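Here is a short briefing on one protein chain. Look over the sequence and the model, then work through the points below.

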Amino acid sequence: MDSGQAGPVSEPSGSADDLLEAACDSGAASDAGTATDAGTATDAGAAGHPTSCRAREVLQRVGDKWSMYVIDLLGQGTMRFTELHRAIDGITARMLTVTLRGLERDGIVTRTIHPVIPPRVEYALTPMGRTLLDTIGKLVTWADSHLPEIEAARVAYDARHPSP
């Protein structure tokens with residue numbers, strides 16, 4: 001039964017990331033992340049996408065867990081698809097293909113097909129891709145060195161917040 005009175009005010013259900021994504025999708029965000037008219041605060045030739053939205057797309061690509069592994073491995077040198085697939089625990093062939101294509105599209109990875117039978121395909125970092133190695137290497141090293149602490153924090157959190 002509706003009494004006509006407003007109920008309690010609640011927080012929006014979406015996170016800040018969800019709101020920025022919605023703004024990026026509609027073309028209504030500026031570099032500062034505020035809503036503006038579509039096309040405002042864009043770089044020349046930006047096809048209506050504000051700079052922060054385009055940067056976010058790149059960060060989503062290079063920050064993706066599989067992309068980070070691929071970039072880290074290719075930092076050791078050129079590798080074939082099967083070598084990458086064996087080296088990345090848990091990745092499917094399809095996901096590796098999608099990841100490599102995205103990295104190639106963004107100019108981070110090159111794909112070289114050697115005209116032999118059967119064809120040999122190799123992947124390598126571009127010079128721009130190599131500039132990511134220090135940053136990604138530090139993140140991978142940080143994650144490896146803090147695994148015990150992270151696991152302990154998860155156990156403690158799960159003990160305080162049992163799942164329904």
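A residue counts as buried under 20% relative accessible area, as exposed over 50%, and as partly exposed in between (1.4 Å probe, protein chains only). By that rule, buried residues make up 26% of the 164 residues in the chain. This is a predicted model, so local features need pLDDT of at least 70, side-chain atom pairs count only at pLDDT 80 or more, and totals for chains, interfaces and linings use all residues. Residues are numbered from 1 along each chain as its sequence is written, and side-chain values use heavy atoms, with hydrogens and water left out.

**Overall layout**

- Helices (H or I, at least four residues) and strands (E, at least two) are DSSP runs, numbered from the N terminus.
- The chain has eight helices and three strands.
- Starting at the N terminus, the order of elements is α-α-α-β-α-α-β-β-α-α-α.
- The accessible surface, from the Shrake-Rupley method with a 1.4 Å probe where, for residues, only the protein chains shown count as cover, comes to about 11,500 Å².
- Carbon and sulfur atoms hold 56% of that surface.
- A contact means heavy atoms within 4.5 Å.
- Among contacts in the chain with a separation of 6 or more, 39% are between residues 24 or more positions apart.

**The sheet**

- Two strands pair if DSSP finds at least two bridges between them.
- The three strands form an open sheet in the order β1-β3-β2, and the pairing is antiparallel.
- The edge strands are β1 (79-80) and β2, each of which pairs on one side only.
- Six bridges join β2 to β3, and two join β1 to β3.
- I113 has V121 in β3 as its bridge partner.
- V109 stands opposite L125 in β3.
- A hairpin of five residues links β2 to β3.
- P118 sits in the loop between β2 and β3.
- The peptide bond joining I117 and P118 is cis, with omega at about -10°.
- Most peptide bonds are trans.
- Is β3 enclosed or open to the outside? Five of its six residues are buried, so β3 is largely enclosed by the rest of the structure.

**The nonpolar core**

- A nonpolar core is a set of buried Ala, Val, Leu, Ile, Met, Phe, Trp, Tyr and Cys residues joined through side-chain atoms within 4.5 Å.
- The largest such core has 23 residues, and I71, L74, L84, I108 and V109 touch the most other members.
- At least two residues of this core come from each of α3 (65-74), α5 (93-105), β3 (120-125) and α7 (133-145).
- Helix α3 gives the most, with six residues.
- Beyond residues up to four places away in sequence, V109 touches L74, L100, L103, E104, Y123, A124, L125 and T126.
- In soluble globular proteins, nonpolar side chains tend to be buried together.

- L133 lies in helix α7.
- Leaving aside neighbours within four places in sequence, L133 is in contact with I71, D72, G75 and L125.
- L133 and Q76 are 57 residues apart in sequence, yet 9.8 Å apart in space, C-alpha to C-alpha.

**The aromatic pair**

- Rings of Phe, Tyr and Trp (its six-membered ring) pair if their centres lie within 6.5 Å; planes under 30 degrees apart count as stacked, over 60 as edge-to-face and the rest as tilted.
- A search of the whole structure finds one aromatic pair.
- W66 and Y69 form this tilted pair, at 6.3 Å centre to centre and 40° between the planes.
- Both residues, W66 and Y69, lie in helix α3, three residues apart, about one turn of the helix.
- W66 counts as buried because its relative accessibility is 13%.
- Y69 counts as partly exposed, at 43%.

**Salt bridges**

- A salt bridge is a side-chain nitrogen of Lys or Arg within 4 Å of a carboxyl oxygen of Asp or Glu.
- The count comes to two salt bridges.
- R61 and D106 meet in a salt bridge at 3.0 Å, N to O.
- R61 lies in helix α2 (residues 51-63) and D106 in the loop between α5 and β2 (109-114), so the pair ties together parts 45 residues apart in sequence.
- R61 is partly exposed, at 24% relative accessible area, and D106 is partly exposed too, at 27%.
- E122 forms a salt bridge with R120, with the closest N and O atoms 3.4 Å apart.
- R120 is partly exposed, at 28% relative accessibility.
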